[in-house]
Amino acid sequence: MKSNLKIGIALSGGGVRGIAHLGVLKALNEAGIKPTKVSGTSAGAIAGAMYCQGYLPDEILKIIVETNYFKFMRPAISLTGFLKMDSVGSLFKLYLKHDDFAQLKIPLSVAATDIKKGKVRYYSEGELIRPIMASSCIPGMFDPIVIGERYLVDGGVLNNLPVEPLEGVCDYVIGVNCNQLPEESNVSNMKKLIERSVIMAMNYNVYSRESKCDYFIEPPGLGKYGVFDIKKAAELFGVGYDYTVSYIDSNPTILDLAVDTKKVNKA
């Protein structure tokens with residue numbers, strides 16, 4: 001790869017299934033493919049922030065497995081959500097102490113939905129943690145995150161594969177989707193109906209952006225995993241890794257994006 005070639009990676013949302021992104025990133029890195037910019041929504045924003053901070057994919061998996069994420073949440077006394085995300089900020093501050101996009105080792109953009117304006121908002125400068133929280137703020141489950149005068153919820157509502165921040169900036173874009181929908185013969189209750197409807201809507205805006213990607217990686221079988229099935233973290237990581245290794249074998253032109261890892265390490 002030419003040393004000045006810019007590679008962008010867009011990471012979708014998908015709850016705990018976003019752990020598959022880490023396996024994908026590990027396989028790409030082992031092949032010498034390293035992004036010069038990352039964009040993400042929801043779980044993709046979280047995985048992207050940790051990766052851009054400089055944590056290795058295996059290190060991020062270890063952090064996720066060892067962290068009791070839900071102990072940082074508390075009930076919301078409001079009509080807009082069941083849980084508040086504000087206290088989750090203290091968890092992110094353990095690993096992103098600077099709380100500043102500019103301090104990341106790799107540039108990052110995260111997508112959130114401005115619920116009042118009905119527009120996607122992209123954040124790539126200034127404070128880091130609250131935009132990440134906003135990007136992963138599932139509507140109806142969490143109170144919106146307020147940044148300035150904007151009330152923000154999960155970016156996946158309008159853009160679950162944010163390739164736009166990479167367009168015109170990167171020479172090649174790799175899209176990674178972990179938000180699959182399994183076939184369902186019987187939607188048995190309201191919870192499943194709502195969850196399935198939300199995932200269907202998010203999937204649509206992923207696939208409408210697939211053509212914007214030079215390479216589109218979608219590890220199969222992720223739909224069978226629950227959005228909050230944290231016990232399957234290691235398995236999800238493995239699915240992402242194994243599929244990406246086979247994807248690279250089947251799409252050898254992607255190796256044209258590989259850097260000389262020895263030169264990277266020396267730099």
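1. The side chains of Arg209 and Glu164 meet in a salt bridge, with N and O 2.8 Å apart, the term standing for a side-chain nitrogen of Lys or Arg within 4 Å of a carboxyl oxygen of Asp or Glu. The pair links distant parts of the chain, 45 residues apart, since Arg209 sits in the loop between α6 (190-207) and β10 (215-217) while Glu164 sits in the loop between β8 (150-154) and β9 (172-176). Helices (H or I, at least four residues) and strands (E, at least two) are DSSP runs, numbered from the N terminus. Arg209 counts as buried at 13% relative accessibility, whereas Glu164, at 25%, counts as partly exposed; buried means under 20% relative accessible area, exposed over 50%, and partly exposed in between, with a 1.4 Å probe and protein chains only.

2. On provenance, this is a predicted model, in which local features need pLDDT of at least 70 and side-chain atom pairs count only at pLDDT 80 or more, while totals for chains, interfaces and linings use all residues. Residues are numbered from 1 along each chain as its sequence is written, and side-chain values use heavy atoms, with hydrogens and water left out.

3. The structure holds five salt bridges, and two further ones can be described here. Lys62 forms one with Glu66, with the closest N and O atoms 2.9 Å apart; both residues lie in helix α3 (residues 57-66), four residues apart, or about one turn of the helix. Glu66 is exposed, at a relative accessible area of 57%. Arg121 and Asp114 also meet through their side chains in a salt bridge, at 3.2 Å from N to O, and both Arg121 and Asp114 are buried.

4. Strand β5 (residues 108-114) pairs with strand β6 (residues 119-123) in the antiparallel sense over five bridges, where pairing requires that DSSP finds at least two bridges between the strands. Val110 has Tyr123 as its bridge partner in β6. The hairpin of β5 and β6 has four residues between the strands, and Gly118 takes a positive phi near 70° in this hairpin.

5. What do Ile115, Val146 and Tyr151 form on the surface? They form a nonpolar patch, with about 240 Å² of accessible area together. Patches are made of residues with over 30% relative accessible area and no salt bridge, like charges being joined within 9 Å and nonpolar side chains (Val, Leu, Ile, Met, Phe, Trp, Tyr) within 5 Å; accessible areas come from the Shrake-Rupley method with a 1.4 Å probe, and for residues only the protein chains shown count as cover. Val146 lies in strand β7 (residues 145-147) and, at 34% relative accessibility, counts as partly exposed.

6. A search of the whole structure finds three aromatic pairs. In one of them, the rings of Tyr243 and Tyr247 have centres 6.1 Å apart and planes at 45°, so the pair is tilted; rings of Phe, Tyr and Trp (its six-membered ring) pair if their centres lie within 6.5 Å, and planes under 30 degrees apart count as stacked, over 60 as edge-to-face and the rest as tilted. Both tyrosines, Tyr243 and Tyr247, belong to helix α7 (residues 233-250), four residues apart. Tyr243 counts as partly exposed at 24% relative accessibility, and Tyr247 as buried at 10%.

7. Ala27, found in helix α1 (residues 19-30), counts as buried at 3% relative accessibility. Ala27 and Tyr247 are 220 residues apart in sequence, yet 9.8 Å apart in space, C-alpha to C-alpha. Leaving aside neighbours within four places in sequence, Ala27 is in contact (heavy atoms within 4.5 Å) with Tyr241, Thr244, Val245 and Ile248.
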